[in-house]
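Please read the points below alongside the display.

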Amino acid sequence: MSSRAAIAHEAVYPDNYFCEVPSDPCAIVMFGASGDLARRKLLPALYDLAVHSCLAPRFRLLGFARTEMSNEAFQKQATEFLPDKAPSGDGKAARQDFLQHLQYFTGNYDDGESYRRLAKRLEALDREAELGGNRLFYLATPPAVYPRIVEQLGRAGLAKPKNDGSWVRIIVEKPFGHDGASARALNAQLLSVFDESQIFRIDHYLGKETVQNLLVFRFGNGIFEPLWSRNYVDSVQITAAESLGVERRAAFYESAGALRDMVQSHVLQLTSLVAMETPANFDATAVRNEKIKVLQSIRPLDRNSVHKHVVRGQYGPGCVNGEDVPGYRDEPGVNRNSSTETFVALKLQIDNWRWSGVPFYLRTGKRLAHPAAEIAISFKSAPHMVFQGEAVEPNSLVLNIQPQEGISLSFGAKTPGTKLHISPVAMDFYYRRAFGAGSREAYATLINDCVRGDATLFDRADSVEAAWALVDPILDAWRSSPPPAFPNYPAGSEGPDAAFQLVEAEGRHWRPLP
């Protein structure tokens, strides 16, 4: 068994995630079905939904790729990546039942005849399984292929519902362009064929339990929302740290880097969720309207502020988890003189009534000391310290996204003893402890939302373009000035020295990576 397959086989699928009502029957066309994303993430996610009765019993999955393959070979390949376990009954029987819904289609992404054959195949599936004309297209291909697929779907008449009661949707994987101009071009291409309501731009970070719980935590609890402003908050830190290197993604990463790969999407998405105002109601339009307002309120960065408030880094050789690892330039497929950043730290200011004057510190990087994704809210110190001689740490609220999902609130408490001494303590909530060992994978959550037509956790065209409007000036400033002397941080550290100076210059410090 391969290491990737082993990860899938170790997955635990909890009993409490059954769907009360299955989704509409539909045909799911997965472009790039022979690729790593489809096998490692999407097929296990769809299996999760199927065994928990979230997908209609009559769904069909049609894998579309250029590789020649039979239905049987596709099903056999999929088996390697499906977990042994099922929530109830025989896991082997559950897998076999799921595999019966999988078929394969060989075609070229830019060949009109392939899409005409695809249209006929989908019509046959509609008749065979009574799918009602409902179709979900999933773009799990390299981004360069997106425009060709979208254009051909339009030409073949596959982008519009076939009758009044059916639906057609398309899931687009990040990255959504490599700069503002390409993002606008991609959005224009998508909107020339599909309506915005049909387009689901997926960011798997938004499917994580803690990210979704952020909205519940803020807007469903009366004790926290009043504190969520410049009146009480000193600063906000958002961290997305990885201990892994570029792995098999060197070709992509060389053209992207940490700023495009993580900040433009994941990290700014988290920023908008932390800082957004209360939506009028919890539906896709209301939530996404508030998120875009945050992105539009972030103070733009010019060349001077980029040099002052943005730090980039690249890892060199080092030691991670007791193992010696190479530097980025020594990774397979990486240019030996590469100036691609593997680390970014930046300071943002949100110019609105709620957050004026509160710095948002963001950081992300590869080959750091420990993997961690968290949102940390640091509150202002008490205005008058009556406990003379005691250095009381500011209260903080930390939302742990990974590896251990949960929420922690710290405060000062008297240490037992005859003298008055204050120590920081924490009240901790962990998903695993409160709700059991199982946790639904982010992709399963998001695909389930898509087949039900809920776009709350998906990006909208204006949001994508607003994020690029913030990132483009950084890219422009970097292009006009030479990078630092790379590498500037060893693998296994917490990043370059300049990232610490960015925060310490204002009397603050980064939270240590757990």
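1. Contacts along the chain. The model under review is predicted. Of the contacts in the protein with a separation of 6 or more, 77% are accounted for by residues 24 or more positions apart.

2. Secondary structure. The protein contains both kinds of element, with 15 helices and 18 strands.

3. Overall dimensions. Taken along the principal axes, the box filled by the C-alpha atoms is roughly 80 × 50 × 50 Å.

4. Burial and surface. Of the 514 residues, 55% are buried. The accessible surface of the protein is about 22,500 Å², and carbon and sulfur atoms contribute 51% of that surface.

5. Charge. The protein carries 56 positive and 60 negative charges.

6. Cysteines. How many disulfides does the protein have? The count is 0, where a disulfide requires a pair of cysteine sulfur atoms within 2.5 Å. C450 illustrates the point: the closest cysteine sulfur to its own belongs to C26 and is 8.7 Å away, which is too far for a bond.

7. Setting of two cysteines. Is C450 buried or exposed? C450 has 0% relative accessibility and therefore counts as buried, the limit for that class being under 20%. C319, by contrast, has 38% relative accessibility and so counts as partly exposed.

Methods
Residues numbered from 1 in each chain as written. Predicted model: local features only at pLDDT ≥ 70, side-chain atom pairs only at ≥ 80, totals over all residues. Heavy atoms only, no water. Helix = DSSP H or I, 4+ residues; strand = E, 2+ residues; numbered from the N terminus. Buried < 20%, exposed > 50% of the residue type's maximum accessible area, 1.4 Å probe, protein only. Contact = heavy atoms within 4.5 Å. Areas by Shrake-Rupley, 256 points an atom, 1.4 Å probe, with all protein chains shown as cover. Lys, Arg positive; Asp, Glu negative; His and termini not counted. Charge placed at Lys NZ, Arg CZ, Asp CG, Glu CD.
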